[in-house]
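Dear colleague,

Please find below the sequence and structure that I am handing over to you.

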Amino acid sequence: MAAIKLTTPLTDEDIMGLKAGDSVFISGEIYTARDAAHKKLYELIEKNQQLPLDLQGKIFYYVGPAPAKPGQVVGSAGPTTSGRMDAYTPAMLAQGLKACIGKGSRDEATKKALQEYKAVYLAATGGAGALLAKKIKSIEPVAYEELGPEAIQRMVVEDFPATVINDAYGNDLYEEGRKKYSRK
Amino acid sequence: MRELDVTVVTDAIAEMCKESNYFLGQDVVDALKNALEKEVSPAGKEVLRQLLENARIAREEEVPMCQDTGFAVVFLEIGQDLHLSGGDLTEAVNEGVRRGYTEGYLRKSIVKDPLDRVNTKDNTPVVIHTEIVPGDKLKIVLAPKGGGSENMSIVRMLKPADGYQGIVDFVVDHVEKAGPNPCPPIVVGVGIGGTFEKVALLAKKALLRRLGQPNANPYYAKMEEAILSRINELGIGPQGFGGRMTALAVHIETYPTHIASLPVAVNINCHASRHVERIL
């Protein structure tokens with residue numbers, strides 16, 4: 001288990017240097033997208049239309065932040081359950097998306113697509129929204145503002161902590177961790 | 001007969017929305033510290049440290065612990081000798097949530113129609129469960145419920161022949177399948193008995209108990225222990241990164257049931273186990 005600093009945009013080389021179980025600290029730009037935004041992007045991809053942002057080398061963060069209090073950059077902003085994005089994720093990876101941050105298991109098709117397109121799935125600590133918000137230095141809308149907490153926003157982050165769950169080699173921390181500590 | 005103006009209810013609810021989302025209960029803080037001592041996995045320990053640090057930041061800065069500030073679930077125990085005046089009680093509760101979520105910078109997570117999915121923008125309506133009880137007081141419990149953990153809930157109509165072992169296996173298997181999704185370390189609410197709808201409510205009510213306080217019936221207290229120990233042998237660990245501290249507590253609530261039935265429900269809460277209580 002290593003602690004690795006990552007700077008966006010991510011390259012294939014960055015991805016191939018990551019193994020399930022590694023701790024990473026991300027600096028640079030990440031993009032918020034959850035259920036409704038994924039659905040909209042997916043529909044554009046299906047129709048072969050231009051997306052509101054280029055996904056090449058980018059990181060998606062599955063989050064719907066709480067509103068910012070006066071003086072805050074952003075309200076609490078922890079990850080949401082990733083499985084709901086499974087249906088759309090392979091299509092995003094095909095567009096060049098290199099990583100997504102969420103929490104919880106991915107389906108087989110998504111895990112395979114991570115290998116195929118050289119990408120990783122990362123987890124941030126679910127429930128640690130107040131702590132994670134401190135790592136977000138700025139936020140601005142990119143698309144679908146009408147979706148409220150579900151809009152796509154660009155976040156600039158500094159040393160945002162996450163853990164590699166699924167690497168591009170087919171390893172899965174959720175399975176490995178369970179095997180290691182199970183006493184069934 | 002005692003009179004209570006419903007605007008008092010609105011004020012209380014608005015405050016409770018903020019309180020429940022900003023301040024992690026002391027029972028949960030203690031349970032997390034205890035889990036940190038017991039956890040053997042380094043990744044699991046790191047998660048528990050982050051959750052304790054997160055709770056400190058939320059408390060000091062009065063911000064929500066989690067961005068998912070939940071569906072506002074409200075339990076009202078209304079004394080039969082209490083007269084609620086000054087307006088519609090349901091609307092008073094909704095107004096409290098509307099105000100609490102807006103003033104408190106809490107996320108609005110409710111969509112008006114389950115398929116249309118347009119946000120109501122004020123976190124209403126509330127889910128209200130009312131009970132008429134003796135006395136002239138009003139007891140309010142507010143339990144904001146996050147979507148990630150709520151999605152990992154289940155009701156199963158077991159056969160009476162499945163018995164004790166059938167229930168334990170069902171609950172443990174279900175938690176195993178839920179894995180990392182409900183944000184472990186989790187609190188597991190189990191309802192046993194009643195009817196289809198009653199058992200789900202029992203499981204939800206089980207989550208309102210002070211963390212780790214055993215069922216008053218020693219038989220079910222032992223069953224809670226047995227299920228907890230099996231869950232913590234699954235290896236899921238904090239956030240599913242591998243470890244021993246998958247659940248902080250298992251709470252069981254029971255109710256008489258039909259001769260043909262053995263309903264069982266599992267309602268999972270994330271570590272925050274948010275709930276606050278007021279008596280007016």
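**Strands and sheet in chain B**

In chain B, strand β7 (residues 186–194) and strand β9 (residues 262–269) run antiparallel and are joined by six bridges. Within this pairing, B:V187 stands opposite B:N269 of β9(B). Please note that the model is a predicted one.

Both strands belong to an open sheet of four strands in chain B, with the order β6-β9-β7-β8 and mixed pairing. The edges are formed by β6 (154–158) and β8 (247–257) of chain B; each has a single partner strand, so one side of each is left without a neighbour in the sheet. On average, neighbouring strands of this sheet are turned by 15° against each other, direction ignored. Helix α7 (residues 196–206) of chain B lies across β6, β7, β8 and β9 of that chain, and runs at about 145° to β7(B).

**Aromatic rings**

Over all chains, the count comes to five aromatic pairs. In one of them, the ring centres of B:Y22 and B:F23 are 5.9 Å apart and the planes stand at 80°; because planes over 60 degrees apart count as edge-to-face, this pair is edge-to-face. B:Y22 is buried, with a relative accessible area of 5%, whereas B:F23 is partly exposed at 27% relative accessibility. Ring pairs also link B:Y164, B:Y219 and B:Y220 into a cluster.

**Charges over rings**

In chain A, the charged end of A:K40 sits over the ring of A:Y144, 5.3 Å from its centre. In chain B, B:K198 lies over the face of B:Y255, at 4.4 Å from the ring centre.

Yours sincerely

Notes: Residues numbered from 1 in each chain as written. Chains lettered and ligands numbered in written order. Predicted model: local features only at pLDDT ≥ 70, side-chain atom pairs only at ≥ 80, totals over all residues. Heavy atoms only, no water. Phe/Tyr/Trp six-rings, centres within 6.5 Å; stacked < 30°, edge-to-face > 60°. Buried < 20%, exposed > 50% of the residue type's maximum accessible area, 1.4 Å probe, protein only. Lys NZ or Arg CZ within 6 Å of the ring centre and 35° of its normal. Pairing = 2+ DSSP bridges. Helix = DSSP H or I, 4+ residues; strand = E, 2+ residues; numbered from the N terminus. Axes fitted to C-alpha atoms, helices over the stretch in contact; angles between N-to-C directions. Contact = heavy atoms within 4.5 Å.
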